[in-house]
Amino acid sequence: MSNAMFSSPNAEHINLGSFDVVIVGAGMAGASLAFELTPDLRVLLLETESQPGYHTTGRSAALFSEVYGNDVVRALSRASRTFFDSPGGGFADHPLLTPRGTLFFAAADRLEQLHVVHTEVVRRAPELRWMEGKALLEQLPALRREAAQAGLFEPDACDIDVHSLHQGYLRSARQRGATVICNAQLESAQYANSRWTLQTCAGYCSANLLVNAAGAWADDVAVRCGVEPIGLTPLRRTALVFDDHQSWNCKHWPLAVEIGEQLYFKPDAGRFLASPADEIPSPACDAQPDEFDVAVLLDRLERLTLLRPKRITGRWAGLRTFASDRTPVAGFDTQIPNFFWLAGQGGYGIQTAPALAQLSASLIRGQTMPQGLASHGVRTQDLSAHRLAVTPSAEF
Ligand SMILES: Cc1cc2nc3c(=O)[nH]c(=O)nc-3n(C[C@H](O)[C@H](O)[C@H](O)COP(=O)(O)OP(=O)(O)OC[C@H]3O[C@@H](n4cnc5c(N)ncnc54)[C@H](O)[C@@H]3O)c2cc1C
C-alpha cells in the first residue's frame, strides 16, 4: 500500500462532507457501483492508493467468458454482456470487447471433466463447439497433441479493455456527481442514530450507507467498521508476458485454458500472456510474483505446449478474493444495518462487474432486480451475505 496509510496531521478535523452512500474501494467493483448509484444519490468513493485500479483490477487477464466460473458467475457474465456491447454514448471511445474466443482443452485423463463442463453450459451456450484431433490443433497449433485430446471452443469469448471500462465508470460517475478521493484509506467507522461516521487518512465524513468494495481488504474493512467478517480468502495468481523463440502467426488464437486450470495462455500484442492459474492463500497486500510459481508456469508451458519463452517482458501477481462457495457477495450485512457487501468476485470481477453493479444498485434503492438480469438467471439469494451465515445443509 502507498504512504496514504499515514494520516495527514489534520485529517481528523477535515470534513469531506455528508453523503447518501460511501463506497470503500475504487477498483472495478466500487467504480461500477458509483456509476450505477448516480446521479440521484450523493456518492463518495474512497480509495487508499493514489490511483484507483492499482490492485487486482489493474492485474487481470482481461477475459470475458460465459463458460468460466460456477453457474452463478456464468449468469452474471451473461447478464453483463449487454452493457459491454453497448455501454452508452460517451462511456468509451472504442468497443470494450474484442473477439478472442476461448479453448478449454483436456488430455485423455481429463476428458470426463471437459464433458461435465460441456453438459453444464451447452444449454445456455449453444454456440460451443466440441473439437478433437486435427481441427483442434489447427485452432491452436501450439498445443501438444498428447495434452489436447479434445477441446471445447467458445467462439464468443472476448478480451476486455479493462482500463477503458474502469476509467469509463470513474469518469461517468464523476460527471453524474460522484466524488472520488484517493489517498483516503478508511481507518474506522461507527454506526449510530442510523448514520455512519467515517474516519479516513484524508478526513472524516458521514453517510446513510457504507458499501464495502475493498477487494482483498473487504474483511479488514468490515472489522474497521465493527462488522463481523464473512471469511473471504485472497488467493494470489501470477501472470507473465513473454516473447517466444518461435515466430507464430498467433494474432487470432483463442485464449487456451487447460480444463483442470493448470495453465492458460493467449496472444498479447505480439507476445504471449500466460498464467499457471495458481491459487496461493495470501494476506491482503501488494502481491508480488513468486519465483516458484514462475518456475511452475515455465514447466507447464513445456509439458502442455510447444511454446518456449525466450524473454520475459513482464510479470505480476494479483489477489483473487473468494467467499467459501467461490460466489461473489452482493448484499446487505446480516447483522449491521446499512452495511453493504460488494466483494468476493474472485477471478471474475471484471466480466461480472456490470451485472453485479446493477444488481447492487437495485438492492440499495430497494427496487426489484432489473428484468435484464433476472432473464439471465441472476438471483439475489445466490449472492446475499445471508447465504454465508446459514448451514450448508439448510441452504443448498
Ligand atoms: C492474474 C489475475 C487474472 C484475472 N483475470 C480475470 C479475467 O480474465 N476476467 C475477470 O473478470 N477477472 C479477472 N481477474 C479478477 C479481477 O481482476 C477481480 O475480480 C477484480 O479486479 C476485483 O475488483 P475489486 O474492485 O473488487 O478489487 P480491487 O481492484 O483490488 O479494488 C479494491 C480497492 O479497495 C481499496 N481499499 C482496500 N482497503 C481500503 C480502505 N481501508 N480504504 C479505502 N480503500 C481501500 C484498495 O486499495 C483497492 O484499490 C483476475 C485477477 C488476477 C489477479
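1. An open sheet has 3 strands in the order 3-8-4, with antiparallel pairing. The model is predicted: local features need pLDDT of at least 70, side-chain atom pairs count only at pLDDT 80 or more, and totals for chains, interfaces and linings use all residues. Residues are numbered from 1 along each chain as its sequence is written. Strands (E, at least two residues) and helices (H or I, at least four) are DSSP runs, numbered from the N terminus. Two strands pair if DSSP finds at least two bridges between them.

2. Strand 3 (63-64) and strand 4 (97-99) are the edges of this sheet. Each has a single partner strand, so one side of each lacks a neighbour in the sheet.

3. Strand 4 pairs with strand 8 (residues 158-160) in the antiparallel sense, over 3 bridges. P99 has C158 of strand 8 as its bridge partner.

4. Helix 1 covers residues 28-37. Of its 10 residues, 10 are buried, so the helix is largely enclosed by the rest of the structure. Buried means under 20% relative accessible area (1.4 Å probe, protein chains only). Among the buried residues are M28, F35 and E36.

5. Helix 1 packs on helix 8 (residues 353-365) at an angle of about 50°, with the axes 8 Å apart. Axes are lines fitted to C-alpha atoms over the stretch in contact, and angles run from 0 to 180 degrees between N-to-C directions. On the helix 1 side, the contact (heavy atoms within 4.5 Å) is made by M28, S32, L33, E36 and L37. Helix 8 contributes A353, A357, Q358, S360, A361, I364 and R365.

Conventions: Heavy atoms only, no water. Buried < 20%, exposed > 50% of the residue type's maximum accessible area, 1.4 Å probe, protein only.
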